[in-house]
2 protein chains.
Amino acid sequence: MKIGVDAMGGDFAPGVVIEGLAQALVDFPALEVVLAGHQPRVEFYLEKYGLTGHKRIELVHAPTVCEMSEASAVALRAKRDSSITTLARLLKEKKIDAMATPGHTGATVAATKVLVRTLPGIDRPALAASMPSKKGRFLLMDAGANPDCTPLHLTQFALMGDIYAQYLYRKERPRVGLLSVGGEDIKGCELTKEAFKRLEQLPINFVGNVEADAAFEGEVDVVVSDGFAGNVMLKSAEGLARATVYWLKQVLTKNALRLMGAVLAKNAFVELKAFGASDVIGGAPLLGINGICIIGHGGSNPTAVRNAIRVAAECVEFGLNQRIVAAIENAGDVAKLQKFPPEQPKTQA
Amino acid sequence: MKIGVDAMGGDFAPGVVIEGLAQALVDFPALEVVLAGHQPRVEFYLEKYGLTGHKRIELVHAPTVCEMSEASAVALRAKRDSSITTLARLLKEKKIDAMATPGHTGATVAATKVLVRTLPGIDRPALAASMPSKKGRFLLMDAGANPDCTPLHLTQFALMGDIYAQYLYRKERPRVGLLSVGGEDIKGCELTKEAFKRLEQLPINFVGNVEADAAFEGEVDVVVSDGFAGNVMLKSAEGLARATVYWLKQVLTKNALRLMGAVLAKNAFVELKAFGASDVIGGAPLLGINGICIIGHGGSNPTAVRNAIRVAAECVEFGLNQRIVAAIENAGDVAKLQKFPPEQPKTQA
């Protein structure tokens, strides 16, 4: 199996990527890696980690980099030889089985959509982020790839999320909920009301509407949402988590007694951080494209890079995409693009 | 000034409400209160808190209660004599200057919309929730009253939020941001893109798009959103805060050393909770209806009830609604209902 790795992705590339790769090569001896990046810079770090001439690494020169600050469209159009575009092209040509990047999410989504295209029957790929809950974790999808969605999109997200959760959480029948608002009376917005009718008809364990707070209680395994509300949920959690750490530091350093307490309980705070950590999973897959693509956080550490490579390989082994295609096929007309008059994304409600 | 208070609202009514009222009557000697509720039950608690026959309390019998578990529409239709409906009617007839309820949000929104109606020029009322950030607080509106919105609605929310933030945060030119997703390239969904063009034209301190995490960093004073994404943001924060407390307890009770540390730093955790506490403000106003209406949390404590009454009175004194009407008038065609072809709420994106 060949995994394409973006050596230039993330805030600490290529050092962090190569260090993560070094771990992955030791831990997964069957893996072959195609490394895309700026050759001299990558070679410098390969040497640093003793990987020069490693027989399971193939280095492909990609002279430009999609900087995190760049607009996706610009990055895609102006940098046809970037590490991300290079990997997307290799994925399209089936020269690699999967790709992993801790890089530019927008540019990766754009590059894979344009070059690799979606799986047969899938209209839009969606980003599947794994979030912590009281009882474990849940999958949030779409976490931000599609700001404007139709009921059909949500239906396909539900099917894809169901399958990915089977792999990621080792659950046979993940509980799939539709992100919504209000109690029993306000049953959401126009989009979710329409999507609800479709999700009810799917051969999945659909448990109905779920509010954002219930998701953090651990009431579902998959939260289906449009990419706008999904991204708001993801970013709210990130923002509040950072604010909480900030407040904790403030209140714990106010006097000597508290400070002493904080020192005694230091390991507890280290452990607390682990609940929110994404390095165990390494990244969020972009589900629905015709190839496996794992997108990591820009701030990925070597463990995250190692695990993004692991998840990419496991998704291939699991037959993720074959299962998705079969699920769409199996779900009936309600999840099929061609059976409905083509929907246009409408103004968000 | 006469404030209508819902004696039956919230999870611990009427006891908590009467206790909060007792505080308010002492702290605000100019206030008169019209108390709506089930007479015998309310009188029992009035006696308990030594308020029987208090000359600044007028008790209006409202035989039924909108239970928190009931659907708003049902509560409104079947319970025309509930405490919420009674107060909405008094507000409509200008027999009270404002109302405060720690009760059923949906039923209150429905009752005031139907009975009190919106202010001249306002199409939809919106719930304005105050949320904590690293640098203080910010206003989130709409926090959930309107799952489906148009660009005009967001424009009016921005104007109303600007004025309420002037009162609540004592800022002359609150920074108003539009809740959105993605970086510079993905500029949000269809709804926010359209709304952006309008917000730019308003005579407010519009600072552009803001992502949910930036709001928690304290980058804006007002976050403008449709009620769906707004509610997702509110509920995500509530859910993650609860989960964090749960995780904190877990990691701090793992061994004796940590437990000792936690005991030493106990006051720090009490203070941490205060960041998220809503009782300082007492509730969220429903902005845009033709009367002041403060809706508290169902779990309000007496301090929250007292402060909801205070905020209601202060909004009247501030001339909140007159200012809103003037702002809409002053904002030009971009914020006016009659100047545009009537928009229909569309499917959420």
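In the predicted model described here, Lys94(B) lies in the loop between H4 and strand E4 (98-101) of chain B, where helices (H or I, at least four residues) and strands (E, at least two) are DSSP runs numbered from the N terminus. Phi of Lys94(B) is near 60°, a positive value in a residue other than glycine, and with 10 C-beta neighbours inside 10 Å this residue counts as exposed; a residue is termed buried if 20 or more other C-beta atoms, placed from the backbone, lie within 10 Å of its own, exposed if 12 or fewer, and partly exposed in between. A positive phi, of about 65°, is also found at Arg117(A), likewise not a glycine, in the loop between helix H5 (105-116) and strand E5 (126-127) of chain A. Arg117(A) counts as partly exposed because it has 15 C-beta neighbours inside 10 Å.

Residues are numbered from 1 along each chain as its sequence is written, and chains are lettered from A and ligands numbered from 1 in the order in which they are written.

Two cis peptide bonds were assigned in chain B. One leads from Ala13(B) to Pro14(B), with omega near -5°, and Pro14(B) has its place in the loop between strand E1 (2-6) and helix H1 (15-27). Another joins Met141(B) and Asp142(B), with omega about 10°, Asp142(B) lying in the loop between strand E7 (136-141) and helix H6 (151-168) of chain B.

In chain A, strand E12 (residues 292-295) is covered on both faces, with Ile292(A) and Ile294(A) buried on one side and Cys293(A) and Ile295(A) buried on the other. Strands are taken to pair if DSSP finds at least two bridges between them. Strand E4 (residues 98-101) runs parallel to E12(A) and is joined to it by four bridges, Met99(A) having Cys293(A) as its bridge partner. Strand E11 (residues 284-287) is instead antiparallel to E12(A), with two bridges, and Ala284(A) stands opposite Ile295(A). The hairpin of E11(A) and E12(A) has four residues between its strands, and within it Gly288(A) takes a positive phi near 110°.

An open sheet of chain A comprises five strands in the order E6-E7-E10-E8-E9, with mixed pairing. Its edge strands, each pairing on one side only, are E6 (129-133) and E9 (205-210). Five bridges connect E6(A) with the antiparallel strand E7 (residues 136-141), and Pro132(A) of this pair stands opposite Arg137(A).

The axes of helix H4 (residues 83-92) and helix H5 (residues 105-116) of chain B come within 9 Å and cross at roughly 30°, axes being lines fitted to C-alpha atoms, for helices over the stretch in contact, with angles running from 0 to 180 degrees between N-to-C directions.

The contact takes 67 residues from chain B and 69 from chain A, residues being in contact if their C-beta atoms, placed from the backbone, lie within 7 Å. The largest share of the side of chain B that touches chain A, 20 residues, comes from H9(B). Because 100% of the interface residues of chain B are also interface residues in chain A, the copies meet through the same surface.

How values were computed: This is a predicted model: local features need pLDDT of at least 70, side-chain atom pairs count only at pLDDT 80 or more; totals for chains, interfaces and linings use all residues. Two residues are in contact if their C-beta atoms, placed from the backbone, lie within 7 Å.
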